[in-house]
Each structure stands twice: as C-alpha cells, then as structure tokens.
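Please open the structure in your viewer and keep the selection tool at hand.

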Amino acid sequence: MSEAVIKCESVYKIFGENAEKMLQKANGNVDAKTFQENGCIVGVNNASFEVAKGEMLVVMGLSGSGKSTLLRCISRLTDATGGKIFIEGQDLLELNNKELIDLRRNKMGMVFQSFALLPHKTVVENIAFPLQIKGINTDDSISKAMDMVKLVGLDGRENYFPRELSGGQQQRVGIARSLAVEPDIWFLDEPFSALDPLIRKEMQDEFLRLQDKLQKTIMFITHDFDEALKLADRIAIMKDGIIEQLDTPAKIVLNPATEYVRKFTEEVPREKVLLIEDVMDQSTSDNLGDLRVSKDEIIENVAEKILTQEKTVGVIDKNNKIIGSINPTKIINTVFGERKNRN
Amino acid sequence: MEFLKKNPKIFQWLFLLIVFFALCFAIEVPETYKFIRGQAEFIKDPNQSTFVFAGKEVRYYAFDVFWRLPPLLGWLPIWINDSLFFLMNDWMPMEFWNEDTQEFKTRPLLLQISRNLTGFMTFIIELIREILLGGLETIVAFTSWDFIDANPWAELPGLPWTIVAAGATILSYKLSGKGLAIFAGLTMVYISIFGQWKPSMQTLSFILVAAPLSFIFGLGLGISAFKSKRVEKALYPILLVMQTMPQYAVLVPALVLFGVGDHAAVIITMIVAIPPMILLTLLGLRAIPPEVIEAGRMSGCNNWQLMFKVLIPTARRDILIGVNQVIMVCFSMAVISAFIGAKGLGFNLLLALNQLNIGLALEAGLCISLIAILLDKMSLAWANKQTDYFGNLSFFERNKNTIFFIGAFIIGIVLAYIGTFLFKDTFNYLFEIPHNKGISTADFWNKGVDWIFDTFFVYIKAFNTWLIQDVLQPMRALYLRMPAIATIVLVVGAGYLIGGIRSALVVCGLTLFIALSPWWDRALVTTYMATFGVIVSCLIGFTVGTLCFQSKSAAKFMLGVCDIFQTFPSFVYLIPVMMLFGITDTSVLIAVIVYATIPATRYTIEGLRSVPVSLHEAATMSGVNKFQRLTKIEFPLAFPHMMLGLNQTIVFALFMVIIGAFIGTEDLGQYILKALSDKNGAGIGLTLGICVAFIGLIFDNLIRTWVDKRKKHLGIA
C-alpha cells in the first residue's frame, strides 16, 4: 500500500466552552455522557485511520453521528480539539492561515449536501470561482471552467443561474467546482442525499465514472448504507462520534463488529455486495466442473451460471490459477440461508 | 365562565382592562390641570411646587402624582445641551495648524474634527454640484479667492443639461435596458423644461454624496457587527432607537455639532440612513447558509475574498433592500434638511408649502419623487447586472456606451454654443433653463385646487368639521383623560401578558421615561394621532391587501404601487392633503393614513402569500370555500407577518405625525420643530426624539414578542 494521504491519529472534536480542559482531564477516555453533563457535546471521539492514495473511504453514519464533523476536522473547517491529522505527511493543525489557504487552493476540493453554490454567479462563474480566487485571470479560468462544465455534462447550461437548475444539475456544478483546481483530495459531504432516488443513482454512476478517470483520494460522507456499499473501497461506520468499524464492504457485511453495525447489514442483499472470493471454499477438490469464475466477480452476476451447474465450480484468480471452489449450495446459503436463520 | 376557564389568557386580559378602567374612573382630574393649546406645561399655578432632585431644581404640579408623574427628567434636555456645548467648546483644547493665518491656534478637539469633517463634505458636494452646474468653489479650494480675482476665466463651466440628460439615459441603458433609459431621459427632460434644473442638480449632488457614504459606512459597520459580537451588542440599542427616531429630532443636535448647510445635511442624513443599512446587512449576512461559507473557505478564500466575493454577494438581496432604504431616507432627508439650510428641491418645496403655493410644491415634489425612483431603479439594475464572457464583441460593441456618451457630450457642447447665438437676449435654454423660467404648471394646479375648493368647499368643510368635532376631539380628550398610572398599568400589564416579566420591565422603562419627561401630555397627543392613523390604515391596508391577494396580477401590481409610493419622500405626502384640507389636523391625519397604509397593504399581501401551497391544497381538499379558506387557513397563518406590518405601520404613522408638525399640530413634533429655532434646542429636540422613538419601541417590543411566540406556536419561525 502506498503512503497514506490522509492520516488521523486519535482525533477528538468536542463542542463546548471547556472542551479542551475536559479532554485533557479525561485522558483519552472520553465518555459522551459525563461530557454532556458538563455542557460539552462530543462530536468526534478518538478517530484514527488512514486513507491511501486513490482510495475512497466512505464514512457512514446516521445524523448526529459526527461524520460531517469528522470531515470538517480533516478539511479544517473546524479545528479538532485533540489528536493529529496529517495531509500528505503535513501536520494539518500546525499550518498557519496562509499555508492552509494554499493547501485548499491546490490540494483540496469539497462538495456539499445543499450544493452551496453562489446564487449570484452563473454555472460557469461558480465553477471558475476557486480558480479566480487563486488569482488565475478571467479568460483562463473561464476556459478551464468550460472544460469542467463538459466533464460533468452541463454544456449548454453554462450561463444558467443555480436557481434555474434542478437539484441534480446543481450538484453537478458543485462537483465541477470542487474539481476545478484539480485537487488530489476530494471531500464529499452527503453529496447525493438531497436528490431524488433516480437522480441519486444516476449521479452515483456518474461519480464512479469520474473517479475511475480521475483516481482522487476521497472521503465520502453518507447516511445511506447502500450508497456506501456501492461506492466504497472501505467503509467507516460511525455512531455517537466513535468509529464502530472500518473495513471493506464485504468484511463488514460478513463480520459486523458490533450489534449496531449488524443492524445495517441485516437487510443488505448479500449477492450484490459479496464477491466470489468472500464466500468460496479455500480447498480445491478434484471434482470440479468445467465452469470457472473469477474471484473478483460479484455473486449476483455469476449466481445463475453457478446455480445451473451440478458440479462444484472452480474459482480462479487473475492468472487463471485455481485458488478455490464454490458449489451451488453455498450460493443458495449465502443468498437465502442465513437470512432464514435470522428470522 | 366555562369559556373563561378554557382561555385563561382572555381572563387575564379582561382583568387588566378592568383594572385600567377602574383606575381611570377612580383618579379624578385635578382642578389645576389644564391642557392649553400651544402652551408649555408649566402654567403659572398657585399649587405649582418645586423640589430638588440630583442637584437640579425640578418644577411640577402639586396635584396628584397618580394623575401625572412629576417631570423628574426635566433636567435631561438641559444636561444634554450643556454637555454638547461643553464638548464642542471646551473639551480637550489642542493646538491646530491654521492654514489661513499660518499659525497654531488652540481649539477644542471636537470642534476641530467637526470643522474638518464639514470642510471635507462641503468640498465633495461642491465638486459634484459644480460639475453639474458650474461655479468657483472647487477651484478656490485648491487655490484662493485672490487667484480667482486675478484670473476671471477660472471657473468650472458646468455641464449643459442636454449632456447630463444624455448621460443619465446612456447609463440607464447600459445598466438595465430600453425601459429604464426612456424613463431616465424623460425624467431629465421634464426636470429641465419645467425649470427645476438647478435645484434638482443641487439635490442630486447632495444625494450623490450622502447615499454612497451611507452605503459604505452602513455596510462596513454591518460587517463588523457580523464579525464581532461585541460591536453588535454596542450597536444594537442605537440601531433600535434610530429605527423609530423621527428624522426631525436628529436635526437639532446636528445644528450644534455641524452648523448650517449642505454639509450638516449630509452628515445628518448619514446618521439616519446608516442604521437601516447596518440592520439589513446584518440580516443578510446572518441568513447565509453555513455551507456556502464553507464552500468559500474550501475554495481557498482568504478573509477578504470570503467577505467580498462570497458573503456580500450571497446576502445581496437584503443588502439591496438596504440600498433602497438608504436612497429613500436620503431623499426624505433632502427635504427635511432644508430646515437646516440644505439647498435644492427640498428648500423650494418647503418654501412653496409655507406660501401655500400648492402648484409649485407639487412640481418640486414630483421632481424629487422622479429622481428618487430613477436612482432606486438604477441602483437595483446595477447590482443585478451580469457579464457575458462568451460574446465575441467588436471594439465598437464593447465601447458603444462610452462612444455614445462622448458623442452626446460633444453635441451637447455644440448645442449649448449654438444656443448662445439663438437666445441672445434671453437665457440660453440649451445650456440651462433657469429656475422658474421653464414651463410652469403651478398656475394650473393652483387654479385646480381653487376650483376644487370652491366647488366642494361645503362638503370638505362638512367632512372636516365632522371629523374634528365628532371623532378627533373626543378621541383626544379620552387619551388625555387617562391618568398616567392607569396608562402605565395598562402598558406594563400588556407587556407581562405578552412577553413575561422581561417584556414588562422593558416596556415599563420606556413608558416611565416618557412619563417622567415634561412632555407626557404631548406624547399622548402624538399617540392619539398615530393610533387614529394606524387604525384607519390597517383597515384600509388589510382590506386592500386581502382583496388584491385574490388575484395574482393584482397582488403584483399592488406591491409595485407600494414600492413606488414608498420611494416618495415623506414630505411629498403633505402636498395633496394640504391642497384639499388646508392647515388642519385632518390634513395631517390623512397624510398619516396614506403613508402608513403602504406597509399595512404590503405586509398583508406578503403574509397571505407566505402561506404554504400544500396547506392551500389541503384546505381545498377538505372542501372549504374561498371565504372559509381565508378565515380558517390563510388569516391565522398570515397573521404574525401581518402583525409585523402593523409594527411598520405604527413606525410610519409616527414619522408622519411628527412631520405633520409642519402643518401645525400640538404634539411632540411641534416641540421638535420649535426646538429647531431655539438656541438651546439641541437637548430638547433630542429628548423629544427619544420620546417618540420610545413610543414606537413600546409597540415594537410588544408586537415582536407576540409575533415570535405566535410563530413558534404555529411552527413557522
């Protein structure tokens, strides 16, 4: 794994007047209840994790779980109360105002839930805004912004005002704006939550397409577990400021760390999340049929093929080497079996 | 009884009213008490006593303190006056370099600051005025009178009116388009050919200094209040009082501080115009969604960029309303400050009103209103202007407005030059049409007024007499019959019932201030006139608003009408009523009613409009008819907003009642007007102003508290 782009070491964010004193006194053992009795609200409680270059970390949690606060600590829109945050090895909390502005102008982009477009600027002006703030002249910034307009598929609407656009279109502008300075790190704070389900799915696909092309390091905030599963390389599930579990989608679905996480995973259609690799038998019996499936396939895509086989199916890796096996019963068990047990 | 048990509030209110009336009847009018028109409260009276309070001798009637409180605050105006004079003449003397005498001179600091400030203001006003009209002062400012004497050619020539008119038209076209351009052109031509050019340009130069300065200072203070809680807390009480402070009242202290003339007028206008600008800036900045601020930060804005590229443009809507307010106040003050020697249309208007020359007053008033509307629309267009990045324009297209203006400039000069040959014996009409040498419709209007008066005299007279004798006099008598204690109990009780102990204390403090001042009776008269005006205005406004709301286009039209009426300087309203009713209380009250109906109508329409569509639909599906929908759904929900309208209506009414003093009333306004010509009037004027402001604030506090509670209750906060 390459070097971590974002690295958090026991980050705390506590709101309230005596937050720092209280934190020092608590000595690393922060209890939300005692803090609340003293007029402090714990936003983020001991968050430690890394995000590698090109990785997409989705932070999932219900409202009030501190996910947005965590994001704002890492973008330093609020200052963390305790802990350390490193961006590409730089200590974020040590940066002075000028360095911070420099960092934001060149390395960071952010998309907001309510789009946060400037109402007095047209689409193209909104997108060109971060560039103009950087000091790029009007012509260059506008032409660069026009490229962005095309990238997010809004050509022809560049002279519209935000109020004249639909929600999905507005968020496209927000995305284009956050990408205009070609940042390495991309923060998205519930970008699709305010959109209709159909538009949301469309935007998610669009987002995956963009990420495929751009390979940014991403922190993505959402309250929608399905969205997290669909997009994430890894998911961090937050509750009351604490990261309950941080793992790949498959591992979270298969081994929920806490009761809270399990509740989310219960209703998840496993065949849509799990890969063959996650459910196969490590042993390779000799009695394999002719069919071979790749270990990276999602179960849903190959289930029909496997289920029509009578024999056990071999699982292969990228080099066509057989590394395991899977039989139809296993598939049926994965999809239907366990759920039955639960009921 | 069952009913009362279910509604404890009603019971409380009833109880309060019973106490109030009981007090009213229980406390007899003392025999020595007289309310004599036009006379101060201190009538020579055998029972008059004095006592010493805080080192000052206070005189008061020896009659019952329950009837009228002793004027314990009588020392306040004198103290304010003394302090002002002390500050101006004796405080912190310092050595200052004097240019004229080439030596150091000892002067009090404040006097020096005031003189420098006024000097600076005078210079800018004169500069703009002389660009428009021509003159010597600007050149003198850089050189000396000797230089002018030696070089008779040294004089700013002033622009011919044709150029100014063309300039205004082209600018309007650039900002907005054809419609505004035509309006601008017509306005300028009208002003010119009706011989109002010179006073109009004088007024314009005054506005062009006062409005931008007010805007800049208001915006700046609004921003600093937004950024620092401490600044906001310091500004808040001043803003609150200034909101309801009549503009007259500020004139008097300004006289002491800044003397007489346009410069003092500009400064005083700024003092009046800045508070609403601050409030609206603050309001706008507060309403910005936090995510927009974060978006700005994440785009890498430094503080400066964040403020001017993100926050202020996002808060544009409210800030624009602020600009609109600033312009309104400036024009309103352009007239009022004629009292302290500002030149221009306002001066002519006052003069004409004084001479009862309604025709002339009407012309001047029309000019002011036209310019006010023009500037208002231009500022609005300027703020909404957007750039086109993709138009591939040629040099001519990009600069066509400049080119046209240069063309107009040259043509204008040529025309003016030709004019010198054409009009050898008379005035050069192509350069400037002198005052009162243009077409005048004054005679026409005057004849019209005379005709109306002759024809309808009987009816007007009858109406007038009826109103005064059967409505106004009894109402006034009732107000004056209220014992001070009863009034205070009523007001404080209302405060307690509406907003709890906190509201009660605030209201009590405000009322006590007025009750302890020497002008309680006058304040009652002011209140009675305002009450009458407000009641009628609300009846008209709520009815008209509700009727107009029934059709979308009518509502839009009515709001437009309100906009335009609001742009008229308040003084202008006096013209038509004086035409019809002469110098009576009826005139003032009708002006009050017309003026105060504007906010009543506007807020009714806006309130009804703000009722969510989903509720409309829900109501319709429940099978209500139009009338039921109005009474069951729309009124209850729109009521809080309509009450805010009532609040505005009261403020507007108070303003107009005070301005009505010009016609001749016998309330606080009359005393403010008197203070203007009093050498020691500053303190009196200011205290009177504060009294009026407090009357407004009492209602403001009660209504706002009620509205906030009600909105929370309805869940539309």
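How many residues of chain A are in contact with residues of chain B, and how many of chain B take part? In this predicted model, 20 residues of chain A are in contact with 17 residues of chain B.

Next, select α4 (97-106), β6 and α5 (123-134) of chain A, each of which supplies at least two residues of the side of chain A that touches chain B. If you colour the residues of the side of chain A that touches chain B by type, you will find 13 nonpolar, four polar and three charged ones.

Stay in chain A and select its open sheet, in which six strands follow the order β6-β7-β8-β3-β9-β10 with mixed pairing. At the edges, where a strand pairs on one side only, you will find β6 (108-111) and β10 (242-247) of chain A. Going from one strand to the next, the twist averages 15 degrees.

Within this sheet, select strand β7 (residues 185-189) and strand β8 (residues 217-222) of chain A, which run parallel and are joined by five bridges. To follow one of these bridges, pick Ile185(A), and look for its bridge partner in β8(A), which is Thr217(A).

Finally, turn to chain B, where the secondary structure consists of 28 helices and four strands. Of the 717 residues in chain B, 42% are buried. Among the contacts in chain B between residues at least 6 apart in sequence, 74% link residues at least 24 apart.

Terms used
Residues numbered from 1 in each chain as written. Chains lettered and ligands numbered in written order. Predicted model: local features only at pLDDT ≥ 70, side-chain atom pairs only at ≥ 80, totals over all residues. Pairing = 2+ DSSP bridges. Axes fitted to C-alpha atoms, helices over the stretch in contact; angles between N-to-C directions. Buried ≥ 20, exposed ≤ 12 C-beta atoms within 10 Å, placed from the backbone. Contact = placed C-beta atoms within 7 Å. Nonpolar A, V, L, I, M, F, W, Y, C, P; charged D, E, K, R; others polar.
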